[in-house]
Amino acid sequence: MYNVGDVVIYSSHGLCSIEDICEQTFSDITKTYYVLQPLNDSKLTIRTPTDNAKKQLRNIIEKEEAIQILHSFTSPGVEWIEQNTHRMRFHVEIIKTGDRQKQANLLNTLLRKKFEYEANEKKFPNQEEKLLQSLQEIIFSEFSVALDKPSDEIYEYVLTQLN
């Protein structure tokens, strides 16, 4: 059980602050909900049942694990699937796992592919660009908190690892 004021990761929204824990009734069913405020979107408020939280919420990564994952950017990421629909399905499955290392491996691949496309003066696919931006936001903001460093500094470090 989390407490008001805790900062957690909520599915694809990334870092969220628990603003309140309250009971609400919908269709004559009363449940206890976490009221979440995404740190990167002050206009959005999310409510999720506390009994569903195990699937949706997780603690922020520990410093040691963050450092280990950052070092993994020196290795190749995940396989690049040429067929767009299969590639996107594969990427969605990685996101759904919630596994930070797998997500970082996907980010690694997307960054490398983007640089490869740019070097060949080609446009990086729009779907992959959106996924890349989303993963960067989620991973770098979480690592920023865990390592007490700005997201930009973490991004710059990752770029040095890719070269």
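Helices here are DSSP runs of H or I with at least four residues, numbered from the N terminus. This is a predicted model, so local features need pLDDT of at least 70 and side-chain atom pairs count only at pLDDT 80 or more, while totals for chains, interfaces and linings use all residues. Residues are numbered from 1 along each chain as its sequence is written, and side-chain values use heavy atoms, with hydrogens and water left out.

Start by selecting Asn-108, which you'll find in helix α4. Asn-108 is buried, at a relative accessible area of 1% (buried means under 20%, exposed over 50%, with a 1.4 Å probe and protein chains only). Leaving aside neighbours within four places in sequence, Asn-108 is in contact (heavy atoms within 4.5 Å) with Ser-72, Phe-73, Ser-75, Pro-76, Gly-77 and Leu-162.

Next, pick Phe-73, Leu-107, Leu-110 and Phe-143: they touch the most other members of the largest nonpolar core, which has 30 residues. Such a core is a set of buried Ala, Val, Leu, Ile, Met, Phe, Trp, Tyr and Cys residues joined through side-chain atoms within 4.5 Å. Colour α2 (63–71), α4 (100–119), α5 (126–147) and α6 (151–162), each of which supplies at least two residues of this core; α5 gives the most, with eight.

Now move to α3, residues 84–97. Show Arg-87, Met-88, His-91 and Ile-94, the buried residues of α3. They cover an arc of only 120 degrees around the axis (taken from the directions from the axis to the C-beta atoms), so they sit on the same side of α3. Their cover includes α4 and α5.

Terms used. The expected span of a helix is 1.5 Å times one less than its number of residues.
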